[in-house]
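User: I'm new to reading protein models. Could you take me through this one, a question at a time?

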Amino acid sequence: MNSNTPGLTLREGDTVATEWSQVSYDRWCAESHAQYTVVAGMRLVNIYEIVDSVIENDLSETERTAVILHYFEGRSKNKTAEIMGTSYSNAHSALRRA
């Protein structure tokens, strides 16, 4: 990606790692009222809005909590598990599913 605008990525030609990622991304594109920019026939979208939408709409409460604690608050997996009141293995599994 060659964009100088932080948080923007190309819509056309993107590759999506899993079928669920594609479903989430397509749902966001269909439901989004967000502004986008067209450059040379390609639509630019804000990746942060997509991630936020997936976290809010596609993750279970356990997965959402684990993601927020670990990735957004910078907690270790051990600390994430402790805060969630579960084992390291369960916290790790929730993060992996998410």
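**Helices and how they meet**

User: What is the relative accessible area of Lys-79, and which class does that put it in: buried, partly exposed or exposed?
Analyst: Lys-79 has a relative accessible area of 33%. Buried means under 20%, exposed over 50% and partly exposed in between (1.4 Å probe, protein chains only). So with 33%, Lys-79 is partly exposed.

User: Before we go on, what kind of model is this?
Analyst: Residues are numbered from 1 along each chain as its sequence is written, and side-chain values use heavy atoms, with hydrogens and water left out. Local features need pLDDT of at least 70 and side-chain atom pairs count only at pLDDT 80 or more, while totals for chains, interfaces and linings use all residues, since this model is predicted.

User: How many helices and strands does the protein chain have, and in what pattern?
Analyst: Both are DSSP runs numbered from the N terminus: helices are H or I with at least four residues, strands are E with at least two. The chain has five helices and three strands. Read along the sequence, the pattern is β-α-β-β-α-α-α-α.

User: How do H3 and H4 cross, and which hand does the crossing have?
Analyst: The axes of H3 (residues 61-72) and H4 (residues 77-84) come within 9 Å and cross at roughly 135°. That makes H3 oblique to H4, because angles under 35 degrees count as roughly parallel, over 145 as roughly antiparallel, 65 to 115 as roughly perpendicular and the rest as oblique. The crossing of H3 and H4 is right-handed.

User: Which residues make that contact, and how do they split by class?
Analyst: Contact means heavy atoms within 4.5 Å. H3 brings Thr-62, Thr-65, Ala-66, Leu-69 and His-70, and H4 brings Lys-77, Thr-80, Ile-83 and Met-84. By class, the contact of H3 with H4 has four nonpolar, four polar and one charged.

User: What about H3 and H5: how are they oriented?
Analyst: The axes of H3 and H5 (residues 88-97) come within 8 Å and cross at roughly 95°. That angle makes H3 and H5 roughly perpendicular.

User: Which H5 residues take part in that contact?
Analyst: On the H3 side are Thr-62, Glu-63, Ala-66, Val-67, His-70 and Tyr-71. Overall, the contact of H3 with H5 divides into five nonpolar, two polar and two charged residues. From H5 come Ala-94, Leu-95 and Arg-97.

User: At what angle do H2 and H3 cross, and how many charged residues are in their contact?
Analyst: The axes of H2 (residues 47-58) and H3 come within 9 Å and cross at roughly 145°. Ile-55, Glu-56 and Asp-58 in H2 meet Glu-63, Arg-64, Val-67 and Phe-72 in H3. The contact of H2 with H3 has three nonpolar residues and no polar ones, and its charged residues number four.

User: Last one: what share of the chain is buried?
Analyst: Among contacts between residues at least 6 apart in sequence, 43% join residues at least 24 apart. The chain has 98 residues, and the share that counts as buried is 26%.

Methods
Axes fitted to C-alpha atoms, helices over the stretch in contact; angles between N-to-C directions. Left-handed = near helix turned anticlockwise from the far one by under 90°. Nonpolar A, V, L, I, M, F, W, Y, C, P; charged D, E, K, R; others polar.
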